[in-house]
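Please look over the structure shown here. The report that follows starts with a single residue and then widens to the whole chain.

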Amino acid sequence: MSDKPSVRPRVLVLNQYYAPGLEATAQLLAALCEGIADEFEIHVVTGRLRGTKGGEAPGLFERNGVMVERVRSTAFDRRLLRLRA
């Protein structure tokens, strides 16, 4: 037996949506990340929630064993690809 503490593998997830957002992608990704959080160290970087006044404030918090970081993002129309880039 080793005296060395076991280190969980790390996973970084970048996605526009994450729960409690209502988008299907947000719900499925949260279920996946929270389902493997016992075996992996999960860090999700995602956008602010839509539909709430000003969106959820950017910041770092834990949700069911997953570190979630909400960041500011732009909301340019899909037709303005140059600005979205």
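Apart from neighbours within four places in sequence, V13 is in contact with L29, C33, I42, H43, V44 and V45. This residue sits in strand β1. V13 has a relative accessibility of 15% and counts as buried, because buried means under 20% relative accessible area. The C-alpha atom of V13 is separated by 9.4 Å from that of V68, and the two residues are 55 residues apart along the chain.

The coordinates come from a predicted model. For the protein, the average pLDDT is 84, and 80% of the residues score at least 70. Confidence is highest in β1, at 97, and lowest in helix α2 (residues 81-84), where the mean is 72. Where pLDDT is low, the predicted coordinates should not be read in detail.

How many helices and strands does the secondary structure of the protein come to? There are two helices and four strands. Their pattern, read along the sequence, is β-α-β-β-β-α. The protein has 85 residues, of which 21% count as buried. Its accessible surface comes to about 6,700 Å², and carbon and sulfur atoms account for 55% of that surface.

Next come the paired strands. Strand β3 (residues 59-63) and strand β4 (residues 66-71) run antiparallel and are joined by five bridges. Within this pairing, L60 stands opposite E69 in β4. The hairpin of β3 and β4 has two residues between the strands, and N64 takes a positive phi near 50 degrees there.

Strand β4 also contains R70. Is R70 buried or exposed? With a relative accessibility of 2%, R70 counts as buried, because the limit for that class is under 20%. The R70 side chain reaches the backbone oxygen of A19 at 3.1 Å.

Side chains of opposite charge can pair when their charged atoms come close. The structure holds two salt bridges, and both are listed in the table.

| Salt bridge | N to O distance |
|---|---|
| R10 and E41 | 3.6 Å |
| R63 and E34 | 2.9 Å |

In the pair of R10 and E41, the closest N and O atoms are 3.6 Å apart. R10 is exposed, with a relative accessible area of 69%, whereas E41 counts as partly exposed at 36% relative accessibility.

The side chains of R63 and E34 meet in a salt bridge, at 2.9 Å from N to O. This pair links distant parts of the chain, since R63 is in strand β3 and E34 is in helix α1 (residues 24-36), 29 residues apart. R63 has a relative accessibility of 25% and counts as partly exposed. E34 counts as partly exposed too, at 22% relative accessibility. These values place both residues in the partly exposed class, because that class lies between under 20% and over 50%.

Definitions and conventions:
Residues numbered from 1 in each chain as written. Heavy atoms only, no water. Pairing = 2+ DSSP bridges. Buried < 20%, exposed > 50% of the residue type's maximum accessible area, 1.4 Å probe, protein only. Polar contact = N/O pair within 3.5 Å; in protein donor to acceptor, adjacent residues only side chain to side chain. Salt bridge = Lys/Arg side-chain N within 4 Å of Asp/Glu carboxyl O. pLDDT = per-residue confidence, 0-100. Areas by Shrake-Rupley, 256 points an atom, 1.4 Å probe, with all protein chains shown as cover. Contact = heavy atoms within 4.5 Å.
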